[in-house]
There are 2 protein chains.
Amino acid sequence: MADVNFKNALSSPLRENDPGLPDSGEASSDDALPYDLVELLFFAYRDFTGDPDEVLAKFEFGRAHHRVLHFVERNPGIMVTDLLGILGITKQSLGRVLKQLVDAGIIEQREGNHDRRQRLLYTTETGHALAVDLTRLQQKRLERALIGLPDGSEETVRRFLLQMIDPDARPDILKLIRSSFDLRDR
Amino acid sequence: MADVNFKNALSSPLRENDPGLPDSGEASSDDALPYDLVELLFFAYRDFTGDPDEVLAKFEFGRAHHRVLHFVERNPGIMVTDLLGILGITKQSLGRVLKQLVDAGIIEQREGNHDRRQRLLYTTETGHALAVDLTRLQQKRLERALIGLPDGSEETVRRFLLQMIDPDARPDILKLIRSSFDLRDR
DNA sequence: AGAATTAAGTCAATATGGCTGACGTAAATT
DNA sequence: AATTTACGTCAGCCATATTGACTTAATTCT
């Protein structure tokens, strides 16, 4: 495992806060900053992606593959162009990853019926099974995260996450998500 | 902007769901999977990191620099070893990024008082200002995300995020975070 | 029918942020 | 005095992204 240092993490003299370097003199409120939420989000997201990462590593796949697999699974028959739009990457980037997934028999490309330029994307049976496995892992983590929270918390979290998204991107994302819950503006 | 495709995102025939590829015959429940939460988390986190990314790009810095800056700002006088532990990367990876931050006058290294092997890390005045700016951006987004949610939602979100984290990592992370809110187990 | 646009893919080069392995130096600890 | 720790560095590799240029085939527009 080389050089990384888990055991020692946070071991010793954190927060020495040497008075030799005084507060650099901001007039206003640094202290009101929501550091705890920022950091919780950072670590929560890291662990959230960590579960699938572990499984995918066995297949020699990475997070890029996961994203592609996920959105193809969720949008069977999606056009390459639309997938690029969702992922926000270039087709050159997608190209490599997609090729690997196709070669591995995870994703299948089929010519469009109406437009024969299209290579519509579908998960294979294997791909579908893998996608479901990965989502189940994330489901477990989400369920565990909701344990013990007051009634309606799932709805609160859903709305919180939606409102974290850029307002102008929300309509498209809502369409994409097709949540079974009502996330319309109040 | 080359090849990326935002405008066209989610344009056309998503969800064609060609009946030529039938449901691959899973006996059990695919439909119960929390796709909406998974995707909301994905997009929320992307936009959350997007704000700082934009600012940092002007300085030729990336997300790696942000993480280092953030945790040094939050833990003035932190040892290199402890920072590695928090970030979960190798010292070779940190080395490059840290050098750039030091060269740019964002972070300062000072010899430990008690242990002269240590190069304790501090933000400079410039670095502090930048760190505060970036956190303010994230603060705005978080505040906007909490608008209109029921009383106690911030607490719910905080606890949700904490419980998303691997249970065995939580104690260390709680120490690190030093939230002003009570996140002890009930 | 011909021109323009679109969908998809490809070649080549580059950047970033990780990684491993191997060393080196100074300081502290045993 | 020997060992361990803290930190740094050299060299090379890999994954994922980027830009820019170009091709092919099919569709759409005029």
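Let's start with one residue, B:Val72. Skip its neighbours within four places in sequence, and B:Val72 is in contact with B:Ile78, B:Leu83, B:Ile107, B:Leu121, B:Tyr122 and B:Thr123. Keep in mind that what you see is a predicted model.

So where does that valine turn up again? B:Val72 is among the residues with the most contacts inside the largest nonpolar core, which has 82 residues. As background, nonpolar side chains tend to be buried together in soluble globular proteins.

B:Val72 also has a part in some helix packing. In chain B, helix H2 covers residues 63–74 and helix H3 covers residues 80–87. What do B:Arg67, B:Phe71 and B:Val72 in H2(B) meet? They meet B:Leu83, B:Ile86 and B:Leu87 in H3(B). The two helices pack at an angle of about 120°, and their axes are 11 Å apart. H2(B) and H3(B) are therefore oblique to each other, and their crossing is right-handed.

Now over to chain A. Here we've got seven helices and two strands, and along the sequence they go α-α-α-α-β-β-α-α-α. Of the 186 residues in chain A, 37% are buried.

What about the two strands? S1(A), residues 107–111, and S2(A) run antiparallel, and five bridges join them. One pair to look for is A:Glu108 and its bridge partner in S2(A), A:Tyr122. S2(A) itself, residues 119–123, is mostly covered, with four of its five residues buried.

The axes of H2(A), residues 63–74, and H4(A), residues 91–103, come within 10 Å and cross at roughly 70°. That makes H2(A) roughly perpendicular to H4(A). On the H2(A) side you'll find A:Ala64, A:His65, A:Val68 and A:Leu69, which meet A:Val97, A:Leu98, A:Gln100 and A:Leu101 in H4(A).

Last stop: is A:Arg144 buried or exposed? This arginine is found in helix H5 of chain A, residues 125–146. A:Arg144 has 12 C-beta neighbours inside 10 Å, so it counts as exposed. And if you look across to A:Pro76, 68 residues apart from A:Arg144 along the chain, the C-alpha atoms of the two are separated by 29 Å.

Definitions and conventions: Residues numbered from 1 in each chain as written. Chains lettered and ligands numbered in written order. Predicted model: local features only at pLDDT ≥ 70, side-chain atom pairs only at ≥ 80, totals over all residues. Buried ≥ 20, exposed ≤ 12 C-beta atoms within 10 Å, placed from the backbone. Pairing = 2+ DSSP bridges. Core = buried A, V, L, I, M, F, W, Y, C linked by C-beta atoms within 7 Å. Contact = placed C-beta atoms within 7 Å. Axes fitted to C-alpha atoms, helices over the stretch in contact; angles between N-to-C directions. Parallel < 35°, antiparallel > 145°, perpendicular 65-115°, else oblique. Left-handed = near helix turned anticlockwise from the far one by under 90°.
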